[in-house]
Amino acid sequence: MANPEEAVDFEPEEDDLMDEDVDASSPRAPMPKLKSAITGGGGGSSASKKIKGRGFREETAEAERNARLSARFDSLDSEGGPGPERSIEGWIILVTGVNEEAHEDDLHNTFGEFGEIKNLHLNLDRRSGFVKGYALIEYENFEEAERAISEMDGNELLTQTIHVDWAFSKGPFRRRNVRRRSPRSHRSRSPRRRF
Amino acid sequence: MGEMAENDEFYLRYYVGHKGKFGHEFLEFEFRPDGKLRYANNSNYKNDTMIRKEVFLTPSVLKECRRIVADSEIMKEDDNNWPEPDRVGRQELEIVMGNEHISFTTSKIGSLMDVQTSNDPEGLRIFYYLVQDLKCFVFSLISLHFKIKPI
């Protein structure tokens with residue numbers, strides 16, 4: 001079934017995902033649809049999951065939720081596809097790995113170098129009162145945000161390595177991108193991956 | 001432990017609401033495996049406003065959400081001994097992470113006092129703080145992207 005010539009194509013990737021153990025009965029392993037994710041023991045990829053909680057035992061709640069979530073949701077006009085998405089007044093980046101003792105000034109000093117910071121959210125852990133570990137920063141221009149990402153991602157801030165990336169995307173991301181980065185999953189026994 | 005699970009599937013939904021003289025008022029948000037964040041807030045008080053927004057997140061944002069969940073260790077808890085949803089309100093927290101799927105329900109929690117006096121203060125406290133941290137994360141994302149005040 002695996003065609004060696006299209007090893008980089010989507011097809012083999014999805015086959016690959018289907019190899020996932022236990023799930024031989026599941027017709028669709030690759031992209032868990034919302035439905036399978038929330039119907040509990042009802043089939044799909046959830047069949048093999050350990051489930052827990054009273055929420056699985058209430059059918060009326062489930063019907064109501066499906067009705068609520070099937071309504072139309074507004075979004076900003078987007079072209080779809082890959083790449084960062086512009087927010088209504090600018091470009092938002094996410095900084096993770098932020099030291100729990102960081103102050104807004106620390107982020108202003110570091111990230112202000114790439115352009116004027118229009119907005120900064122440095123949220124706190126509600127239990128401890130320390131910084132939760134992430135910051136959201138808004139720049140007016142794409143170039144400012146892009147420079148902040150390329151120059152600060154993987155750098156150190158207050159003795160911790162931070163990661164910097166866009167917050168919003170024009171479209172859905174494919175799970176295969178995520179998988180590429182860490183080849184050591186239990187699925188790696190599939191020979192097709194190496195083509 | 002978060003590292004290893006990085007490419008497993010992840011889904012999260014939180015709901016809080018009640019039905020009263022202003023109809024069904026609720027707040028709900030959802031992180032989907034493909035990166036879509038959905039946010040709904042229906043408040044009928046004074047003027048009926050239904051806010052429904054959705055936006056795609058980058059994998060980095062989803063990963064941070066997942067880290068917050070993993071650090072909380074909510075997946076180890078159980079809602080068995082939590083106060084049941086009642087007339088005053090209802091909360092639901094549903095999470096799929098790795099090969100675990102939880103769907104917890106409980107009443108509204110007014111304050112830490114409610115947590116303390118419950119039959120499972122430790123578990124409920126984890127839930128209570130996790131929900132606040134998640135709301136805080138979602139409100140920041142939604143308000144920065146759409147420039148609306150989420151509440």
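Two strands are taken to pair if DSSP finds at least two bridges between them, and helices (H or I, at least four residues) and strands (E, at least two) are DSSP runs numbered from the N terminus. By this criterion, in the predicted model, strand E1 (residues 50-52) of chain A and strand E6 (residues 100-106) of chain B run parallel and are joined by three bridges. Residues are numbered from 1 along each chain as its sequence is written, while chains are lettered from A and ligands numbered from 1 in the order in which they are written. Because the model is predicted, local features need pLDDT of at least 70 and side-chain atom pairs count only at pLDDT 80 or more, whereas totals for chains, interfaces and linings use all residues; side-chain values use heavy atoms, with hydrogens and water left out.

The pairing of these strands belongs to an open sheet of eight strands, in the order E1(A)-E6(B)-E5(B)-E1(B)-E2(B)-E3(B)-E4(B)-E8(A), with mixed pairing. Its edge strands are E1 and strand E8 (168-169) of chain A, each of which pairs on one side only. Within chain B, strand E1 (residues 10-20) and strand E5 (residues 90-97) pair in the antiparallel sense over eight bridges, and B:Tyr14 stands opposite B:Leu93 in E5(B).

The contact (heavy atoms within 4.5 Å) takes 65 residues from chain A and 70 residues from chain B. The area buried between the chains, that is, the accessible area (1.4 Å probe) that two parts lose on being put together, summed over both, is about 6000 Å², of which carbon and sulfur atoms give 54%. In chain A, the residues that lose the most area to chain B are A:Lys52, A:Arg54 and A:Phe73, together 13% of what that side buries.

Confidence is expressed as pLDDT, the predictor's confidence in each residue, from 0 to 100. Chain A has a mean pLDDT of 76, with 65% of its residues reaching 70 or more; over residues 1-44 of this chain the pLDDT is below 50, and this stretch has 72 contacts in the model beyond near neighbours in sequence. The value also stays under 50 over residues 177-195 of chain A, for which the model has 33 contacts beyond four places in sequence. For chain B the mean pLDDT is 92, and 91% of its residues reach 70 or more. The complex as a whole is given an ipTM of 0.93 and a pTM of 0.80 by the predictor.
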